[in-house]
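Dear colleague,

Please find the structure below, together with its sequence. A summary of the findings follows it.

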Amino acid sequence: MKMVIAALALAVLMIFAIAGSSYGSYTVTHLNTTVTLNKNTSAQVTEVLTVFVSNSSVNQYETNRIALNLTLSTWQGFIGPMLVQHIINPKSGVYNFKYLPGPLVPQYNGGVAKLIMSYDVNNVTSVKQTAPREFVYSFSRNVFNFEHATSGEVLPSNTTLTIILPSGSQVSAIYPIPDAPVANFTNGYSNTTQFSWFDGEPLSKFTLVFIMRESLTAEVTGFFTGAYNALGIFSYIIIAAIIAGLIAYAYAKSR
C-alpha cells in the first residue's frame, strides 16, 4: 500500500513538474521610460523592458518572438503587468504604437532580452502664452501610469523615467529634484533639456514647467504659415494686395 501511495505521489510531482515547465518564466529586471516632449503638447514615448528568460523558457520566447499573430495582451500574459504603456492620455489613448521583442542574449541559466514599445501621446503638456513670443508649458502628471503606493503614484523598483524637453527650453519649476543631472550650483538647470528620475521617486505631486521663447523670425513665419493653412492660395493674394496698397499709399504720400 505504501509503495502504491509513493508511486502516486511521484506521478503527481512529475505532472506538476511537466506543467510548470510548460509555462514561461520571465523576470523584468529594468524598465526605462523615455518621454520626448514636442512643442505641440504631444510626446513620443519609448519604453525598454530588460527581461531575464530562464532556461526552461528560452525556446518559448524564441517561438513567441517570430510569431506574427501574438497581440500585446498575449505578451502581457507572458511578461506580466510591467509590459504596459506607462504614459497615457485617459481621454484618447496612444497612437502609432509599435512593439519589438528583441533577440535573446544567452547568459548563465537563461538569457536576457529587451522588449521595446514606442508610441505617441497627445496632451502630455498644456501651454499658454504669457508674453509676445513667450510660451509656458506644464507637464500633466495625469498621464502617468505607474504603480500606486500608500503615498500615491511612484516609480517602481528598477525603473528610470527620462523626460526630454524641446530644444531651447528653460525650466522654471521641477519636482521632485531629478536624480540626473545634478543641478549646477549657480545656474541651476540652465541649458539642460534632459532629466531622469530613478525608482522610488514619488509622482503624485510631480511638477515640470518650462518656458519657450520664439524668435521674431519664427513668429512671422508662423503667422504666414497659419494664414496659408487657413486661406490657401488666397492668403498670397491678400498679402500681395496689402503690399500693393502700402506702395500706392507711400507713392501718393510722396507726391
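Which backbone oxygen does the side chain of S169 reach? The side chain of S169 reaches that of P166, at 2.6 Å; a polar contact here is a pair of N or O atoms within 3.5 Å, where, within protein, one must be able to donate a hydrogen and the other to accept it, and residues adjacent in sequence count only if both atoms are side-chain atoms.

Please note that this is a predicted model, in which local features need pLDDT of at least 70, side-chain atom pairs count only at pLDDT 80 or more, and totals for chains, interfaces and linings use all residues. Residues are numbered from 1 along each chain as its sequence is written, and side-chain values use heavy atoms, with hydrogens and water left out.

S169 is located in the loop between β10 (159-164) and β11 (170-175); strands (E, at least two residues) and helices (H or I, at least four) are DSSP runs, numbered from the N terminus. With a relative accessible area of 7%, S169 is buried (under 20%; exposed is over 50%, partly exposed in between; 1.4 Å probe, protein chains only). Leaving aside residues up to four places away in sequence, S169 touches T193, F210, I211 and M212 (heavy atoms within 4.5 Å).

One salt bridge is counted (a side-chain nitrogen of Lys or Arg within 4 Å of a carboxyl oxygen of Asp or Glu). E134 and R213 form a salt bridge at 3.0 Å, N to O. The pair links strand β7 (residues 134-139) with strand β13 (residues 207-213), 79 residues apart.

Overall, the protein chain has five helices and 13 strands, and 32% of its 255 residues are buried.

Yours sincerely
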